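Welcome, and please open your viewer.

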Amino acid sequence: MPLQRVAIVGAGLAGLACARTLAAHGTEVSLLDKGRSPGGRLATRRVEQDGRAFSFDHGAQYLTARGPLFAATLDAAGARAWPEQGKRVGVPRMSAIARGLAEGLDMALGREVVALTGGPGAWMLRHVAARRPGSTAEDDAQESGPFQAVALAIPAAQAAALLARPAPHLGRVLEMVRFAPCWTLMAAFPDRLPLPDTLRPEDGPVGWAARDSSKPGRDHATECWVVQAGPAWSRENLELRPEQAQAALLDALGALAGAPLTAPLYAAAHRWRYALVETPLGAPCLWEPTRGLGAAGDWCIAARAEAAVQSGAALGAVMAR
Ligand SMILES: Cc1cc2nc3c(=O)[nH]c(=O)nc-3n(C[C@H](O)[C@H](O)[C@H](O)COP(=O)(O)OP(=O)(O)OC[C@H]3O[C@@H](n4cnc5c(N)ncnc54)[C@H](O)[C@@H]3O)c2cc1C
């Protein structure tokens, strides 16, 4: 008999693809995500400073489709070419792709799942208001369920922590997965920087830098940059305070420009602790039918958004069977 009621933790691309696949088979799906909007690492930061609005795609930079499923997903979302044919971005921002996929799905946002209780056939999820500075783990704790099955579409280390009690053997499998972190600078400048739209330096702290405002459908009048530190620098400097990472990456961008930068109109640094998978699981997804527990994410296959969609869809298909 097909599953009737399933919970999916994580509304990134993997969770959304899993949800859409299950919903197409008639399963009732509840998604929970700790973020304020769906999309996870396919993310856009929108800020206002001194009456001006700035927008930065501070997670995935561009998307490439090698297979038909992701190509169809990008076509349906109206993704456009940037910086050249074969690479595509969401319009007017990256997060638009996830919003399209999320349409019509039942989703609780701003809810962080902290425990998986109950047992096979009747899993319960304990969740709290997503932790913001000053809140505690038990703020506004709620229980959802029972669910026949639960899919964890979150980074492997976080899935391993949730599985540690109900399915320790699955948790142990996930511990082999390794991610590289990524410090990311978002900065807006009053003048155009003397740099091409994209750079991938061979050495130094910066792994990739892009004039985010050069993407199609953006406000080209603003000079918005996204600068990603390489994995080695990010790992060595993982515990910097955001202001320190921001200053270091602004200096590095200035060095690439070959001239001192004018003071930014806005700048902030974001640390992605789990940015790009380095050691993937090597299987499309994880599913244990006897317990009704599964896991999916880019980390099953490769460090690309397409892998997240493939993994989520694979988990949805095996659960629906
Ligand atoms: C800086 C950076 C640059 C990248 N560049 C590219 C690129 O150019 N091209 C490309 O193809 N890919 C790129 N990627 C990778 C791409 O973003 C990911 O492969 C993809 O978005 C992963 O999707 P996912 O659904 O597997 O995971 P995620 O997007 O991480 O989704 C997981 C979701 O789970 C939620 N969550 C986690 N824990 C909990 C919990 N306990 N309770 C509730 N919710 C929870 C999170 O809020 C998140 O929304 C980049 C990633 C980063 C960070």
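Start by selecting Ser30, which is buried at a relative accessible area of 11% (buried means under 20% relative accessible area, exposed over 50%, partly exposed in between, with a 1.4 Å probe and protein chains only). Ser30 sits in strand 2 (residues 28-33); helices (H or I, at least four residues) and strands (E, at least two) are DSSP runs numbered from the N terminus. Before moving on, note that this is a predicted model, in which local features need pLDDT of at least 70 and side-chain atom pairs count only at pLDDT 80 or more, while totals for chains, interfaces and linings use all residues. Residues are numbered from 1 along each chain as its sequence is written, and side-chain values use heavy atoms, with hydrogens and water left out.

Now show what surrounds Ser30. Leaving aside residues up to four places away in sequence, Ser30 touches Val6, Ala7, Ile8, Asp106 and Phe147 (contact means heavy atoms within 4.5 Å). With Asp106 there is also a side-chain to side-chain polar contact of 3.3 Å. A polar contact is a pair of N or O atoms within 3.5 Å; within protein, one must be able to donate a hydrogen and the other to accept it, and residues adjacent in sequence count only if both atoms are side-chain atoms.

**Next: helix 4**

Select residues 156-163 and colour Ala156, Ala159, Ala160, Leu162 and Leu163, the buried residues of helix 4. They lie on the same side of helix 4 because they cover an arc of only 165 degrees around the axis, taken from the directions from the helix axis to the C-beta atoms.

**Then: the two domains**

Colour domain 1 (5-43 + 95-177 + 280-320) and domain 2 (44-67 + 77-93 + 178-279) separately; these bounds come from an automatic or database domain assignment. Their C-alpha centres lie 27 Å apart. The contact draws 23 residues from domain 1 and 28 residues from domain 2. About 1,900 Å² is buried between the domains, 60% of it from carbon and sulfur atoms (buried area is the accessible area, 1.4 Å probe, that two parts lose on being put together, summed over both). On the domain 1 side, pick Arg41, Ala43 and Ile97, which lose the most area to domain 2 and together give 31% of what that side buries. Between the domains there are zero salt bridges (a side-chain nitrogen of Lys or Arg within 4 Å of a carboxyl oxygen of Asp or Glu), but ten residue pairs are in polar contact, both at pLDDT 80 or more.

The structure holds 17 salt bridges. Zoom to Asp57 and Lys215, whose closest N and O atoms are 2.9 Å apart. This pair links distant parts of the chain, 158 residues apart: Asp57 is in the loop between strand 4 (52-56) and helix 2 (68-76), and Lys215 in the loop between strand 14 (206-211) and strand 15 (223-229).

For another setting, select Arg271 and Glu239, which meet in a salt bridge of 3.4 Å, N to O. Arg271 is partly exposed at 29%, and Glu239 is exposed at 61%.
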